[in-house]
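Open the model in your viewer and show the whole chain as a cartoon.

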Amino acid sequence: MVNTEVVAQHAEDAAFLWFSRDRAVRAPHYYLKDLARLDERVEANVDGLRVAGVVGWNFASEALKQGGSGELFAAAVLAFESKEPTRVAEILEAISKDPSLARPAISALGWMRFEDAKPLLGELVNSSRPDVRRVAIGGYAVHRVSPGDSLREALADADASLRARAFQAAAELGCVELAYAIARYIGTNDPASSFWAAWSAARLGLRGHDVTDVVRSAAESSAPYADSAVQILLRCLRLAECHEWLSAILVKSKRQRVGVQGIGIVGDPARASELIGYMRIEALSRVAGEAFSMITGADLKYLDLDRPKPESFEVGPTDNPEDADVAMDEDEDLPWPDPNRVRKWWDKHEQDFQPGIRYLRGNPIERANLIDALKNGYQRQRAAAALELALLQPSEPLFEVCAPGRRQQEALAQWNS
């Protein structure tokens, strides 16, 4: 007999833990080992739904009505693993009503072993619906497996969202032979599609002004892909151009945060002292600390270079019902750096760094050091290392730092420097 209270709890916890995981893969304080442990908790609850059979599916299906991404993920894993047409159709129907749910659906496909997902992916990628083909292309890409001719066909599809996902997939897979075909879509009427064409072309080795101008424009915008634009722009421009762009951004008060983050992306220790100055500005303090750590490898908490939260600082939801600011604190997982302690540390260690050389986690950006960062860095540092490595070798796949943790650990165990 199935204990329905326990199964209901599994449905709730599976959704909540996936949502937590979705934040963790982009968090500044998660190591790969931490992600792997969180994945075990997600899997334990998904498995609780599996073993409950029809009852487990019924609870997951009912939770879908909430419209949450975690609920979609849990139900999608069960539906995709079962391959039952009615269950799969229920997931696809939810995506058709809310396209943002495509992401947890793709995550569910990535959660499965590729051998198990392959038959379903083969069906989905040949669907007449562009939104379904988009999910399928994403599902292949998260496994870093090419969907073959379906990818090339998707590049030229009339549906802009499908094209954009296909551009990303080609870049994630390292399909350099498709770079010029993708570049033809730079400057099209759909801004998102045009940007992802430029992003993909840059990732695949094209660095002409037609590419970088579109990426630069996106980086200076408020578009949802602006951060992706900054991340790749400052890794594709020459160092002098990077500094010129940063200096122009940093004088704009509303864009200073982007500029401070950009200093960490560029990785030139010549601007480390500048970052210490930004640590004295409350709104920029923590992101400046993260940028400093990104360059130098200094772990502020471990080295006791942090300080308590300033009493005067307040951001995000409060207990005051009349407070209109309900935005979350985007730096809540970052330590508050102590500028004076950081300055003393830098005075001692500055001699170990050479201005004009790009660093990540205290090491020059070279293949062996990037692999070490993938194995031992925090998630944001690992994402940076993966992109740096992919730009060094455009024909190789972009390492997926959001994949299930154990799968990543197994893959990295096979890597040598």
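The radius of gyration used here is taken over C-alpha atoms, and the globule rule is 2.2 Å times the number of residues to the power 0.38. For 417 residues that rule gives a radius near 22 Å for a compact globule, and the chain agrees because its own radius of gyration is 22 Å. Keep in mind that this is a predicted model.

**Whole chain.** Colour by secondary structure: the chain has 22 helices and four strands. Along the principal axes, the C-alpha atoms fill a box of roughly 65 × 50 × 50 Å. Among contacts with a separation of 6 or more, 67% join residues 24 or more positions apart. Of the 417 residues, 52% are buried.

**Helix 6.** Select residues 102–111 next. This helix is mostly covered, with nine of its 10 residues buried. The buried ones are Ala102, Pro104, Ala105, Ile106, Ser107, Ala108, Leu109, Gly110 and Trp111.

**Second largest pocket.** Now move to the second largest pocket, which holds about 490 Å³ of space. Centre the view on Pro28, Asp299, Leu300, Tyr378 and Gln381, the closest to the pocket centre of the 27 lining residues. Then select helix 18 (282–296), strand 1 (306–307), helix 20 (367–376) and helix 21 (379–392), each of which gives two or more residues to the lining. Which element supplies the largest share of this lining? Helix 18 does, with four residues. Finally, colour the lining by residue type: 10 are nonpolar, eight polar and nine charged.

Key. Residues are numbered from 1 along each chain as its sequence is written. This is a predicted model: local features need pLDDT of at least 70, side-chain atom pairs count only at pLDDT 80 or more; totals for chains, interfaces and linings use all residues. Side-chain values use heavy atoms; hydrogens and water are left out. On a 1 Å grid over the protein atoms alone, a cavity is a set of points where a 1.4 Å probe fits but cannot get out, and a pocket is an open set with protein on both sides within 12 Å along at least five of seven lines; lining residues have an atom within 4 Å of a point. Grid points are joined across faces, edges and corners, and a volume is the space filled by probe spheres set on the points. Ala, Val, Leu, Ile, Met, Phe, Trp, Tyr, Cys and Pro count as nonpolar, Asp, Glu, Lys and Arg as charged, and the others, Gly among them, as polar. Buried means under 20% relative accessible area, exposed over 50%, partly exposed in between (1.4 Å probe, protein chains only). Contact means heavy atoms within 4.5 Å.
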